[in-house]
Amino acid sequence: MKRRVVVLGLAMVFAVAAGCRGSLPTEDVSAEDPSSRYDTRVVKHALGKTEIPADPQRIVVLNPYAILDYLIALDMVPVGSTGGEGLDDYPFGYWLEGRTDGVEMVGGTIEPDLERVAAAEPDLILSNPWQEDIHKELNQIAPTVAVPLSYSDFEEEFRYVADVVGQADKAEELIEDHHDRLQAFKSTLGGSADAEVSVIRVFPDSIRIEVDSYVTTLLDAAGVRRPPAQEALKESIDVSIEQARLIDGDVILVYSADNGAEQDRNERAVGKFLDHPLFGNLDAARAGRVHEVDSRLWAGGGILWADMILDDLSGLLGGQS
Amino acid sequence: MSSRHLDVRLVRGRISMRLSLPTMGAAIISVLLVGTVGAWAMTLGDFRLSVDEVVRAVAGDAAGPADFIVRTLRMPRVLVGIGVGFAFAASGAIFQGLVRNPLVSPDIIGVNAGASLAAVFLIVTRGPMSLLPLAAFAGALIAALAVYGLAWRKGISGGRLVLVGIGINAMAIAGTTFLIVRFPIEVVSAAELWLSGTLYARGWEHVAYIGVALALLLPAALALSPHLRTLQLGDDVARALGIRVEVLRFSLLAVAGGLAAAAVAAAGPIGFVALIVPHIARMLVGPFTAGVLLLSGLLGALLVIASDVVAQHAFAPLSLPVGLVTAAVGAPYFLFLLFRMNQRT
């Protein structure tokens with residue numbers, strides 16, 4: 001019995017060795033040294049300093065929402081991006097659909113597939129500020145910049161990314177266009193200019209009053225007023241539905257935690273909120289001015305994103321008096 | 001089984017061992033299997049490599065992409081898997097032998113939970129990630145010391161140790177849950193990933209952690225194993241044979257706790273390995289001995305790297321944490337064990 005097991009074991013080893021066939025690109029990626037072909041510069045980022053090519057051609061981005069948005073806005077379509085986990089169809093930021101042809105998916109946002117990142121042969125990697133654990137490995141593939149995200153001031157983030165990829169001028173143009181659109185939006189508000197808009201995001205276990213986020217930054221820039229009760233808040237807080245005074249406003253915009261994954265659980269959370277017995281306590285509810293908005297869009301960020309939100313808002317607020 | 005032994009005498013009789021042939025045979029086969037599965041694991045991925053390309057890369061003799069992929073990504077991952085699998089299973093074997101309860105393991109008496117609490121705390125407070133293994137190790141040791149200290153009453157009894165351990169475990173888990181609920185969802189996602197035990201992004205520093213721990217603790221464990229067998233005859237008999245019971249128990253707990261703590265520090269709390277693998281080892285070759293300890297370790301290593309292959313590649317392009325697969329395998333087996341034990345009593 002023992003001898004048979006040993007022979008079987010050896011046979012397995014040989015079978016595996018014989019059966020495997022490898023496939024490897026013949027190019028030697030590590031021999032491409034950016035500093036020998038292009039100019040380079042040193043940039044400071046969230047995790048230190050890195051020397052990057054001045055004119056990156058093949059960018060891989062590890063954030064399929066705001067950072068991908070900035071690159072697409074600058075016409076610098078990356079060769080690879082991470083995607084939302086669990087999505088069957090479109091893996092990147094919902095509002096970017098149709099503009100990401102040629103972008104390879106390189107794994108999930110929380111656990112990017114380092115082999116796929118390497119396979120994309122990037123010359124620059126843009127990562128998230130919290131991805132400290134793989135920063136060393138990423139730098140071995142290509143110079144890596146951890147974009148310092150504030151998750152609220154998208155104009156500043158946009159300028160940063162544009163500077164890194166060498167498109168600072170174009171970014172200024174686009175920001176000016178965005179400001180023009182903000183002006184146009186303000187003039188269409190009409191009677192709604194005084195409406196106090198509360199933005200809340202419903203999670204399965206709590207309600208978050210959005211205060212310092214992409215959405216609220218945009219609203220403030222668009223001249224949309226916030227409820228005075230929320231003015232004292234410095235950052236988003238989680239509350240329960242009983243705190244109607246904090247949640248309430250003339251208009252309430254509600255969206256869920258969903259950005260693609262776990263859609264059912266999150267949709268139920270919004271439903272639970274709207275059907276809650278205490279929901280009727282809210283003035284906005286009684287006036288019929290609670291609007292559910294699409295979280296796949298509203299939970300995002302970016303400069304192209306901002307324009308789409310403005311369109312949504314015009315529909316919800318514009319022309320009401 | 002008493003006839004199938006090999007008596008070894010070295011250094012003119014000063015080192016004398018009795019090696020059980022079935023155990024040695026099983027151990028050798030396990031080593032071969034670990035080597036095979038490990039090498040195979042390194043050929044898999046988006047870049048498919050052949051076995052000799054892997055071997056050449058390991059020897060430092062390969063061109064660009066293969067070199068990076070094997071030496072920076074795949075090799076540390078497999079080595080850490082082998083190391084933590086070994087450490088968890090060995091730790092479980094010692095605990096089960098010491099407490100003489102086959103249902104005990106560092107998973108449930110607070111070691112893993114203490115490490116998790118410390119690690120999650122570091123993650124949600126956005127502390128430096130480089131300190132994560134250290135924090136986890138410290139958390140595990142503090143929990144183990146707390147269990148030992150609270151269970152001491154003029155000595156340690158196995159039953160009391162387990163009960164106190166379960167209590168500490170519950171407290172640590174409560175603390176961890178509190179942190180998860182209280183902190184914003186962006187930081188909590190990273191913590192939840194660590195909590196399931198994962199070999200993702202394991203680098204050579206993790207190999208070093210678990211390697212050093214094994215190098216220090218495994219010889220100690222092997223040296224103490226014969227005394228553990230004496231202890232299993234009962235405290236009074238052991239004392240009569242000259243064993244210092246409490247010192248021995250403390251040493252064994254320290255070694256077992258240290259092995260589990262190092263494993264959690266390197267890869268997070270990979271569940272069920274410490275609980276299930278010693279059972280399998282004992283089922284194959286009999287009750288606890290140093291050889292069974294080694295065999296448990298090897299089988300633990302095999303379980304972890306095999307589970308990691310499944311976790312990484314069975315559901316491509318989605319990559320699972322290895323702890324999910326070991327739980328999926330371990331939980332049903334554990335239920336089966338309970339069922340069998342119920343039937344026998």
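This is a predicted model: local features need pLDDT of at least 70, side-chain atom pairs count only at pLDDT 80 or more; totals for chains, interfaces and linings use all residues.
I will start with chain A as a whole. Chain A has 13 helices and 12 strands. There are 321 residues in the chain, and 48% of them count as buried. Now take the contacts in chain A between residues at least 6 apart in sequence: 65% of those join residues at least 24 apart.

Next, one pair of helices in chain A. Helix α13, residues 303-317, packs with α7(A) at an angle of about 5 degrees, and the two axes are 11 Å apart. Angles under 35 degrees count as roughly parallel, so α7(A) is roughly parallel to α13(A). Which residues of α7(A) meet α13(A)? They are A:Ile175, A:His178, A:Arg181, A:Leu182, A:Phe185 and A:Leu189. On the α13(A) side the partners are A:Ile303, A:Ala306, A:Asp307, A:Leu310, A:Leu313, A:Ser314 and A:Leu317. Sorted by type, the residues of this contact are 9 nonpolar, 2 polar and 2 charged.

Now a pair of helices in chain B. Helix α8 of chain B covers residues 204-231, and helix α10 of chain B covers residues 245-267. Their axes come within 9 Å and cross at roughly 155 degrees. Angles over 145 degrees count as roughly antiparallel, and α8(B) and α10(B) are therefore roughly antiparallel to each other. The crossing of α8(B) past α10(B) is left-handed. The residues of this contact comprise 17 nonpolar, 4 polar and 1 charged. From α8(B), the residues in contact include B:Ile210, B:Leu214, B:Leu217 and B:Leu224. From α10(B), they include B:Leu248, B:Arg249, B:Leu252, B:Val255 and B:Leu259.

Side chains of opposite charge can pair when their charged atoms come close.

In one of them, the side chains of A:Arg116 and A:Asp113 meet at 3.7 Å, N to O. A:Arg116 counts as partly exposed because its relative accessibility is 24%. A:Asp113 is also at 24% relative accessibility, so it counts as partly exposed.

Another salt bridge joins the side chains of A:Arg159 and A:Glu172, at 2.7 Å, N to O. This pair links distant parts of the chain: A:Arg159 lies in helix α6, residues 154-164, and A:Glu172 lies in helix α7, residues 168-189, with the two residues 13 apart. A:Arg159 has a relative accessible area of 35%, so it is partly exposed. For A:Glu172 the value is 37%, which means partly exposed.

A:Glu196 has a relative accessible area of 18%, and buried means under 20%, so A:Glu196 is buried.

To recap the helices: α7(A) and α13(A) are roughly parallel, and α8(B) and α10(B) are roughly antiparallel.

Conventions:
Residues are numbered from 1 along each chain as its sequence is written. Chains are lettered from A and ligands numbered from 1 in the order in which they are written. Side-chain values use heavy atoms; hydrogens and water are left out. Axes are lines fitted to C-alpha atoms, for helices over the stretch in contact, and angles run from 0 to 180 degrees between N-to-C directions. Helices (H or I, at least four residues) and strands (E, at least two) are DSSP runs, numbered from the N terminus. Angles under 35 degrees count as roughly parallel, over 145 as roughly antiparallel, 65 to 115 as roughly perpendicular and the rest as oblique. A crossing is left-handed if the near helix is turned anticlockwise from the far one by less than a right angle, and right-handed if clockwise. Contact means heavy atoms within 4.5 Å. Ala, Val, Leu, Ile, Met, Phe, Trp, Tyr, Cys and Pro count as nonpolar, Asp, Glu, Lys and Arg as charged, and the others, Gly among them, as polar. A salt bridge is a side-chain nitrogen of Lys or Arg within 4 Å of a carboxyl oxygen of Asp or Glu. Buried means under 20% relative accessible area, exposed over 50%, partly exposed in between (1.4 Å probe, protein chains only).
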